[in-house]
Amino acid sequence: MAMAARMMSCCATATARLCRAAVVDRAQCLGSVQRLSAAAVVLDGRVVREERVRIRRIHRKVECSSAGLNAVSETGGAESGVQIQLYNTMKRQKELFRPIVPGKVSMYVCGVTSYDYSHIGHARVYVAFDVLFRYLKSVGYDVTYVRNFTDIDDKIINRANELGEDPVKLSRRFCDEFQVDMELLRCLPPNVEPRVTDHIPQIVEMISKIIENGNAYVMEGGDVYFSVDTLPSYGCLSGRKQEENRAGERVTVDNRKQNPADFALWKSTKPGEPAWDSPWGSGRPGWHIECSAMSAEHLGYKFDIHGGGMDLVFPHHENEIAQSCAACADSRVSYWLHNGFVTVDSEKMSKSLGNFFTIREVLELYHPLALRWFLLGTHYRSPVNYSKRQLELASDRIFYLYQALADCEQVMSEQDSKVTGGNPSKEAAELVTSFKTTFKSSMADDLHTPVVVSSFSDPLKFMNNLLHTRKGRKDKSRVASLQLLMAKIEEVLSILGFQVPSYSKVLDEIKILALKRAGLSMDDLAARFQERAAAREAKDYARSDQIRSELAAVGIALMDGGDGTLWRPAAVAEEQLQTA
């Protein structure tokens with residue numbers, strides 16, 4: 001009874017806190033192929049070691065690049081006047097974020113079970129929490145971000161058996177592949193990425209404490225189960241009652257259990273499976289115990305944020321709470337954050353429905369930053385509907401964004417240093433103020449990234465007017481206004497994870513993928529340009545317009561101007577995608 005009261009108290013405490021390319025003739029097209037060929041290496045599902053090192057260096061620079069957006073005191077964050085509201089699943093409401101230690105944030109996010117390539121659902125989770133990580137750092141918090149790898153599990157063992165591989169080697173390989181995906185998506189590496197197989201002693205120690213405290217039992221043969229009946233408050237996160245709890249999550253039901261809802265802490269050795277020694281015999285950890293042990297090892301029993309997908313609320317996170325509280329009565333996570341599900345064309349993503357996509361499969365046709373932009377266009381707690389049309393729109397938007405920045409960069413490089421001074425126009429200053437205000441208020445309101453993403457429209461439109469209209473080019477405050485706009489846009493991009501070392505390189509990469517989706521090579525495109533030029537020369541404007549329309553239908557937009565005919569990627573219409 002004393003133990004039950006202690007556990008009840010523990011859970012109650014937790015409940016309480018766009019590179020334009022001029023294409024004029026075949027030779028120029030072929031030249032572009034040679035120039036762009038290197039970019040495809042990055043999008044081939046692999047990143048060479050040199051690129052990986054460079055990306056990490058860029059990430060380190062990004063961490064401190066956004067200080068201008070917020071006035072931050074030594075303690076940072078809410079203490080500097082930024083009042084952050086986060087939705088706490090435990091309380092089922094938004095709450096003011098107050099870290100346990102002022103100025104410091106401890107955050108644990110459940111990682112992947114590494115038995116296959118990661119899918120777009122994983123991209124949803126880790127992009128969302130990457131934005132949270134970046135945002136908290138941008139307002140001055142010293143953040144310790146821990147994200148684990150489950151590198152031993154029933155799914156890993158089953159997949160290894162199917163492939164005839166060693167489970168540990170298979171898992172290690174997919175851990176590496178996951179990190180490649182994260183780097184392509186511009187997710188910063190966490191401070192710590194613990195693996196289960198490196199924490200067996202800590203797991204064994206925690207299980208021992210749980211047994212000693214009367215919340216687990218050892219079966220004949222060496223299996224250890226958590227007894228949910230010893231924890232009356234079990235269900236406090238999910239809101240489920242004991243009689244609603246389902247057994248056999250990820251595994252078959254063991255009829256020897258005292259309660260069908262009891263879950264495994266330690267699984268005894270089976271032939272051909274990896275195993276470690278323990279007081280209860282050789283075996284391996286259950287699924288849930290690993291996160292309790294690894295979070296305690298790297299953050300302690302009390303920390304600020306625990307995150308993951310909505311599917312983890314029950315049973316995984318519910319069981320984590322039970323285990324941690326059973327091992328330490330003072331265990332507490334202040335804020336439980338969960339992202340929404342991913343659907344595909346409004347249906348649940350599932351291998352059985354044939355609508356299951358890995359990150360690699362998506363990146364074969366779309367730029368990683370297009371996928372990231374698409375994901376941030378929906379609030380992290382809402383369901384996001386994945387479709388080709390939405391990716392087309394996201395790809396079109398980031399091309400527009402980076403083209404504007406590349407054009408702005410080009411104008412800056414052409415200016416004499418003596419001419420770059422002066423003051424920005426009143427309109428530019430007001431746009432920047434509005435942009436900053438929208439960013440601050442939206443991010444502080446439970447990371448409302450859709451509003452932030454939409455807020456780029458006005459400053460980008462104004463920037464393009466200064467860059468490309470006759471009136472804009474004659475504006476005396478043009479350079480100063482462009483400098484101001486570009487600086488503030490880049491600050492926000494860095495926090496959202498869209499800062500890149502070269503705008504022109506990203507634009508080239510997007511164009512290569514647009515041609516790939518269109519089923520065209522640069523030779524094909526050059527041939528269409530020559531055919532269209534011949535039609536225009538012969539005054540066959542109907543044929544010229546037909547060629548333009550045919551290319552537009554596959555995502556290639558033509559623009560005729562003083563510099564000749566230019567092309568850029570464009571979003572393919574919904575009806576065209578449906579017949580593709």
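Start by selecting Gly-307, which sits opposite Leu-337 in β11. This is a predicted model, with residues numbered from 1 along each chain as its sequence is written, local features needing pLDDT of at least 70, side-chain atom pairs counting only at pLDDT 80 or more, and totals for chains, interfaces and linings using all residues. Side-chain values use heavy atoms, leaving out hydrogens and water.

Now widen to β10 (residues 302-309): seven bridges tie β10 to β11, and the two run parallel. Strands here are DSSP E runs of at least two residues and helices are H or I runs of at least four, numbered from the N terminus; two strands pair if DSSP finds at least two bridges between them.

Show the whole open sheet next: four strands, ordered β5-β4-β10-β11, with parallel pairing. β5 (142-147) and β11 (332-339) are at the edges with a single partner strand each, so one side of each lacks a neighbour in the sheet. From one strand to the next, the twist averages 25 degrees.

Angles run from 0 to 180 degrees between N-to-C directions, with axes fitted to C-alpha atoms, for helices over the stretch in contact. Then pick helix α10 (residues 313-327), lying across β10 and β11 at about 165 degrees to β10.

Last stop: colour by pLDDT, the predictor's confidence in each residue from 0 to 100. The chain averages 87, and 83% of the residues score at least 70. Over residues 1-68, pLDDT is below 50.

Technical notes. Contact means heavy atoms within 4.5 Å.
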